[in-house]
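Subject: A structure for you to explore

Hi there,

Here is the structure I promised to pass on. Please open it beside this email and follow along as you read.

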Amino acid sequence: MKRLLYIFLWGLMLTACEIPFEIKQEGESRIYLQGVVDNGLVTISSLYATPISGEQGSLSGLKTVFSVNGKEVELHGSPIPLEEGDELYVEVSADGLETASGSTVVPPRPQITDLSWERIQVDTIDATEIRMTLDHAPLEDEYYAIQILRRDDVFYVGGDVETFVSYPTPGYILTAAESGSFDLADFIQVNYNGRYLGGPDYQPISLLTKKQFDGALYKFYLNSFDASILEQIRNSMPGGDTGMIGGDIVSGEVGPGSGPGTIPGDIRIPIRVETQYSFTFYRLSPGFYFYAKALFQSNFDFLANMGLIPANFTWSNVHGGLGFVGAVTSTTLGPYQFEN
């Protein structure tokens, strides 16, 4: 594992070198479109996209059309009834720009037939193994994702309660002996808040394909050995917003004088902590999956230069513009309280 990390850090130092070059980009301004349909909730986001050499602009005369199975539907900001296989179409037009349009199909809702867990002690690792079983073994052209939400309720003397939320990364390795099988391709994550893919809100989903399953079984660990590998990678990331590879990031600002157990100017004594986990399991349309993967790769182009992940290629299923149109369905399990 150390050899892997040394190679990684050495590659980071190489990418820190500045190489001057001239950017030449020609083309016309386009509409950037994200059409996301999440369990019937439709969110259509449109932006004015201009080439690097072009002038900034704004969308005027904006018109949006959304249809289900060829019939236009008026949107009111609340979920609409949809069924598996429904064909969805989004079209956005604006003054002076080519019309952007895209389509997708509502995927089946994932069916979890069984969920079980087991506490595992290996060397110094005290992990929890989670086993989820689908109603069928995923096929090559089926795409999934999982979001793990951890909630810590800290109880203090006097009755005060403070809540902290984080999003752990599912792990697959328990011991250092298994570190040779560590693969960053197993940790493709992007932010997703149910309305927009790749936004600033830290709510990561982990993309899954047939590769992560054993038949219909998806197995992962909480507090696994590869979590430490990911932590060292995060600590070595270049500065700026790079879309970090998941992890237990506590929501809100945490620093000196803040966090569980302390408030500036006040002293509170914690007496217990209750931890709960919820799991949201997603079925993704192909367009949603491929665009999410492209976003991840664009955030980590420096890793592609080092040969650690595949090179990024721009992907879009929008005609006449940029972006994507995709749909997801999901099932949420929990909350579960594992023994400490």
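One definition to begin with: Ala, Val, Leu, Ile, Met, Phe, Trp, Tyr, Cys and Pro count as nonpolar, Asp, Glu, Lys and Arg as charged, and the others, Gly among them, as polar. By that scheme, the lining of the largest cavity has 3 nonpolar, 3 polar and 1 charged residues.

Please note that this is a predicted model, where local features need pLDDT of at least 70 and side-chain atom pairs count only at pLDDT 80 or more, while totals for chains, interfaces and linings use all residues. Residues are numbered from 1 along each chain as its sequence is written, and side-chain values use heavy atoms, without hydrogens or water.

Back to the cavity (a set of points on a 1 Å grid over the protein atoms alone where a 1.4 Å probe fits but cannot get out; lining residues have an atom within 4 Å of a point). The structure holds 1 cavity of 30 Å³ or more. Its lining is made by Asn191, Tyr192, Asn193, Tyr196, Gly199, Pro200 and Asp201.

Tyr192 turns up again in the largest nonpolar core, which has 20 residues. Such a core is a set of buried Ala, Val, Leu, Ile, Met, Phe, Trp, Tyr and Cys residues joined through side-chain atoms within 4.5 Å; buried means under 20% relative accessible area, exposed over 50%, partly exposed in between (1.4 Å probe, protein chains only). Tyr192, Leu197, Ile205, Leu207, Tyr282, Leu284 and Phe288 touch the most other members. Helix α3 (286–299) is one of the elements that supply at least two residues, and α3 gives the most, with 5 residues. Helices (H or I, at least four residues) and strands (E, at least two) are DSSP runs, numbered from the N terminus. Apart from this core lies another, of 18 residues, including Leu115 and Phe281.

Now for the strands, which pair if DSSP finds at least two bridges between them. Strands β9 and β10 run antiparallel, joined by 6 bridges, and Asp152 has Phe164 in β10 as its bridge partner.

Lastly, look for an open sheet of 4 strands in the order β4-β3-β5-β6, with antiparallel pairing. Its edge strands, β4 (71–72) and β6 (100–105), each pair on one side only. Val92 stands opposite Ala100 in β6.

Enjoy exploring!

Definitions and conventions. On a 1 Å grid over the protein atoms alone, a cavity is a set of points where a 1.4 Å probe fits but cannot get out, and a pocket is an open set with protein on both sides within 12 Å along at least five of seven lines; lining residues have an atom within 4 Å of a point. Grid points are joined across faces, edges and corners, and a volume is the space filled by probe spheres set on the points.
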